[in-house]
Amino acid sequence: MIIQPFAQCAPGFVTAIALLGLNGCGIGDFDIQRDIGEQHVSGSPLSALLDTIFDAPIPMNVDIEQETTARDSGPAEAAHLTRLDFNITPTAMVPPDMDDFSFLQSVTVYIESTRADSALPRQKIAEALDIGDVSTLRFQTLRAVDVLPYTEEGARFVSEARGNAPPDDVTFAGSFAVTIELF
């Protein structure tokens, strides 16, 4: 029996293996995208310190069992937050006001269960550091956190922020994506 080195395999085979390896997802895995409603940060001429940027905890609103059933795809093995973004909205802008996220230094987002007796710990799931004067805030997600058990109990996002209140009111809305990995 002659064994060919990997480099001498059929080009289509190498390409298929490379694409599967780069993607990191199994065949049939899929993404669920959800919008996050508009949030409001009150302005303060005194530049008060901020400790959060969410009006209240944001419900995750992802029913993974329902999503897999709708796709006739079988049970989920894991789920991971793969994208979290916020965009400034015009609601609080009165010309010549031009809002951005420069009032923030950093934001950390956590996932937690909504079940009162849950054994699941609150876990860091995304963060944005050194934010600056941007109108779109893109978070680095921590994909090692499996959100599947949280969604089974009911999940929500909470935040911790470092920064000062903006000089006037700021509004923003967002969206996130969760990748569902199948057995």
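**Overview**

The accessible surface of the protein chain amounts to about 10,600 Å², and carbon and sulfur atoms account for 54% of that surface. The model is a predicted one. The protein chain has 183 residues, of which 40% are buried. It comprises three helices and nine strands.

**Fold and strand pairing**

- Read from the N terminus, the order of elements in the protein chain is α-β-β-α-β-β-β-β-β-α-β-β.
- Among contacts in the protein chain with a separation of 6 or more, 82% are between residues 24 or more positions apart.
- Strands β4 and β8 pair in the antiparallel sense, with nine bridges between them. In this region, Val 107 stands opposite Ala 161 of β8.
- Strand β8 also pairs with strand β2 (residues 58-59), again in the antiparallel sense, over two bridges. Here Pro 59 has Arg 156 in β8 as its bridge partner.

**Nonpolar core**

- The largest nonpolar core has 43 residues, and Phe 86 and Leu 104 are the residues that touch the most other members.
- Two or more residues of this core come from each of β1 (30-41), β3, β4, β5 (123-129), α3 (148-153), β8 (155-163) and β9.
- Phe 86 has a relative accessibility of 0%, so Phe 86 counts as buried.
- Leaving aside residues up to four places away in sequence, Phe 86 touches Ile 36, Ile 53, Phe 54, Phe 101, Ser 135, Thr 136, Leu 137, Phe 139, Phe 172, Ala 173 and Gly 174.

**Aromatic pairs**

- The structure contains six aromatic pairs.
- One of these pairs is formed by Phe 86 and Phe 139; the pair is edge-to-face, with 5.4 Å from centre to centre and 85° between the planes.
- Phe 86 belongs to strand β3 (residues 76-89) and Phe 139 to the loop between β6 (136-138) and β7 (140-141), so this pair ties together parts of the chain that are 53 residues apart in sequence.
- Phe 139 has a relative accessible area of 9% and is therefore buried.
- Phe 101 and Phe 172 form a further pair: because their ring centres are 5.7 Å apart and their planes stand at 65°, the pair is edge-to-face.
- This pair links distant parts of the chain, since Phe 101 is in the loop between β3 and β4 (104-113) and Phe 172 is in strand β9 (residues 170-182), 71 residues apart.
- Both Phe 101 and Phe 172 are buried.
- Through ring pairs, Phe 54, Phe 86, Phe 101, Phe 103, Phe 139 and Phe 172 are linked into a cluster.

**A charge over a ring**

- Arg 122 lies over the face of Tyr 110, at 4.0 Å from the centre of the ring.

- Thr 89 is located in strand β3.
- With a relative accessible area of 12%, Thr 89 falls under the 20% limit and is therefore buried.
- Apart from residues up to four places away in sequence, Thr 89 touches Glu 38, Thr 171, Phe 172 and Ala 173.

**Backbone features**

- Most residues other than glycine have a negative phi, and most peptide bonds are trans.
- Asp 72 is not a glycine, yet Asp 72 has a positive phi of about 50°. Asp 72 is found in the loop between α2 (64-70) and β3, and a relative accessibility of 73% means that Asp 72 counts as exposed.
- Asp 130, likewise not a glycine, has a positive phi of about 45°. Asp 130 lies in the loop between β5 and β6. Its relative accessibility of 75% is over the 50% limit, so Asp 130 counts as exposed.
- The peptide bond that joins Pro 95 and Pro 96 is cis, with omega about 10°. Pro 96 is in the loop between β3 and β4.

Note on methods:
Residues are numbered from 1 along each chain as its sequence is written. This is a predicted model: local features need pLDDT of at least 70, side-chain atom pairs count only at pLDDT 80 or more; totals for chains, interfaces and linings use all residues. Side-chain values use heavy atoms; hydrogens and water are left out. Rings of Phe, Tyr and Trp (its six-membered ring) pair if their centres lie within 6.5 Å; planes under 30 degrees apart count as stacked, over 60 as edge-to-face and the rest as tilted. Helices (H or I, at least four residues) and strands (E, at least two) are DSSP runs, numbered from the N terminus. Buried means under 20% relative accessible area, exposed over 50%, partly exposed in between (1.4 Å probe, protein chains only). A charge sits over a ring if NZ of Lys or CZ of Arg is within 6 Å of the ring centre and within 35 degrees of the ring normal. A nonpolar core is a set of buried Ala, Val, Leu, Ile, Met, Phe, Trp, Tyr and Cys residues joined through side-chain atoms within 4.5 Å. Contact means heavy atoms within 4.5 Å. Accessible areas come from the Shrake-Rupley method with a 1.4 Å probe; for residues, only the protein chains shown count as cover. Two strands pair if DSSP finds at least two bridges between them.
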